[in-house]
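Colleague: Hi! Could you walk me through this one while I have it open?
Modeller: Happy to, just ask away.

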Amino acid sequence: MPAEGLQRLDLCLNEALANVVGHGRCDSPIELRLESLDDAQGPEARVTVIDQGPGFDATQASGAPRPASLAEAEPGGLGLLMIRSFSDTLDYRRLDGRNHLSFGVRWAPAG
Amino acid sequence: MSIAFEDVSDTLRHIQLSGRLDIPGTEAISLKFTNLTASPSRRVVVDLRGVDFLASIGIRELIANAKALQMRGSRMVLLVTGETAVAKTLSVTGIDTLIPMFTDVAAANQAALA
């Protein structure tokens with residue numbers, strides 16, 4: 001996996017976990033899954049973050065609006081924007097009372 | 001995560017950040033960074049060329065201190081290496097439109113002092 005893709009996956013994972021912790025959804029274990037996929041669109045590394053907190057669809061939630069000036073800038077909402085910007089695939093499912101947020105990074109196959 | 005500074009002149013300070021500006025990295029430098037940007041007489045160039053990972057918590061740290069500087073009538077600008085993940089992160093989040101971002105030291109200094 002190219003370093004650039006690994007860095008994007010690292011950023012997405014960091015923001016996804018910060019989101020779980022920041023919204024107080026970390027009282028129960030957080031499960032992480034890493035999958036290596038390869039289909040017609042090329043190779044993909046996909047991470048799924050599974051937590052047992054209240055339902056939260058990061059693919060639909062609106063991030064903070066972009067402030068027009070520094071004076072108007074407020075914290076929050078940047079993590080979701082970063083996940084959407086840096087992932088190539090993004091999916092959310094609520095399964096068995098748990099949030100499953102998956103994000104993947106694709107890269108061009110070697111050769 | 002490390003933080004260092006250089007007072008280039010009586011009116012300009014460079015703050016160099018290096019490492020990962022993630023949750024532990026930001027917590028490690030937060031107090032010193034706030035203190036270093038609190039100088040009433042110096043504009044600030046924050047040198048991010050040594051930062052290889054910039055998380056949202058690190059961006060919030062930059063915004064909070066840039067706002068505090070602006071409220072005191074001062075200014076912060078950012079110095080980055082072009083085409084890096086850090087530059088891209090600042091661009092996709094729109095932060096580069098709030099805090100001026102440069103890849104050239106002389107241009108950053110000039111903008112900070114303008």
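Colleague: Let's begin with the contact: how many residues come from chain B and from chain A?
Modeller: This is a predicted model, and in it the contact takes 19 residues from chain B and 18 residues from chain A.

Colleague: Which elements give two or more residues to the side of chain B that touches chain A?
Modeller: Those are helix H2 (56-71) and helix H3 (85-92) of chain B. H2(B) provides the largest share of that side, with eight residues.

Colleague: And by class, what does that side of chain B have?
Modeller: There are 11 nonpolar, five polar and three charged residues on the side of chain B that touches chain A.

Colleague: Thanks. What scores does the model have?
Modeller: The ipTM is 0.85 and the pTM is 0.90. For chain B, the average pLDDT is 95, and 100% of the residues score at least 70.

Colleague: Good to know. Now chain A: how do its elements run from the N terminus on?
Modeller: The order is α-β-β-α-β-β, with two helices and four strands in chain A.

Colleague: What box do the C-alpha atoms of chain A fill?
Modeller: Roughly 50 × 40 × 20 Å, taken along the principal axes. Chain A has 111 residues, of which 24% count as buried. If you look at contacts in chain A between residues at least 6 apart in sequence, 64% join residues at least 24 apart.

Colleague: In what order do the four strands of chain A form their sheet?
Modeller: The order is S1-S2-S4-S3 in an open sheet, and the pairing is antiparallel. At the edges are strand S1 (31-39) and strand S3 (89-95) of chain A, each pairing on one side only. On average, neighbouring strands of this sheet are turned by 20° against each other, direction ignored.

Colleague: What packs on that sheet?
Modeller: Helix H1 (residues 3-22) of chain A does, touching strand S2 (42-51) and S4 of chain A. The direction of that helix makes about 15° with that of S2(A).

Colleague: How many bridges join S3(A) to S4(A)?
Modeller: Seven bridges join S3(A) to strand S4 (residues 98-106) of chain A, and the two run antiparallel. Arg94(A) stands opposite Asn99(A) in S4(A), while Arg93(A) stands opposite His100(A) in S4(A). The hairpin of S3(A) and S4(A) has two residues between the strands, and Asp96(A) takes a positive phi near 50° there.

Colleague: And S2(A) with S4(A), over how many bridges do they pair?
Modeller: Eight bridges, in the antiparallel sense. Asp51(A) stands opposite Asn99(A) in S4(A).

Colleague: I was looking at Thr48(A). Where does that residue lie?
Modeller: In strand S2 of chain A. Apart from residues up to four places away in sequence, Thr48(A) touches Arg33(A), His100(A), Leu101(A) and Ser102(A). The C-alpha atoms of Thr48(A) and Leu101(A) are separated by 5.4 Å, although the two are 53 residues apart along the chain.

Colleague: Why does Thr48(A) count as partly exposed?
Modeller: Because Thr48(A) has 18 other C-beta atoms within 10 Å, and 20 or more would be needed for buried, 12 or fewer for exposed.

Colleague: Over to chain B, then. In what order do its five strands form a sheet?
Modeller: They form an open sheet in the order S1-S2-S3-S4-S5, and the pairing is mixed. Strand S1 (2-9) and strand S5 (101-102) of chain B stand at the edges with a single partner strand each, so one side of each is left without a neighbour in the sheet.

Colleague: In which sense do S2 and S3 of chain B pair?
Modeller: Strand S2 (residues 12-21) and strand S3 (residues 43-54) of chain B pair in the parallel sense over nine bridges. Leu12(B) has Arg43(B) in S3(B) as a bridge partner.

Colleague: What about helices across that sheet: where does helix H1 of chain B lie?
Modeller: Helix H1 (residues 23-36) of chain B lies across S1 and S2 of chain B, running at about 175° to S2(B). H3(B) lies across S3, strand S4 (76-79) and S5 of chain B, at about 110° to S3(B).

Colleague: Last one: which residues in the largest nonpolar core touch the most other members?
Modeller: Of its 49 residues, those are Ile83(A), Val46(B), Leu48(B), Leu78(B) and Ile99(B). Leaving out residues up to four places away in sequence, Leu48(B) touches Leu17(B), Leu78(B), Leu79(B), Val80(B) and Val86(B).

Conventions. Residues are numbered from 1 along each chain as its sequence is written. Chains are lettered from A and ligands numbered from 1 in the order in which they are written. This is a predicted model: local features need pLDDT of at least 70, side-chain atom pairs count only at pLDDT 80 or more; totals for chains, interfaces and linings use all residues. Two residues are in contact if their C-beta atoms, placed from the backbone, lie within 7 Å. Ala, Val, Leu, Ile, Met, Phe, Trp, Tyr, Cys and Pro count as nonpolar, Asp, Glu, Lys and Arg as charged, and the others, Gly among them, as polar. A nonpolar core is a set of buried Ala, Val, Leu, Ile, Met, Phe, Trp, Tyr and Cys residues joined through C-beta atoms within 7 Å. pLDDT is the predictor's confidence in each residue, from 0 to 100. Two strands pair if DSSP finds at least two bridges between them. Axes are lines fitted to C-alpha atoms, for helices over the stretch in contact, and angles run from 0 to 180 degrees between N-to-C directions.
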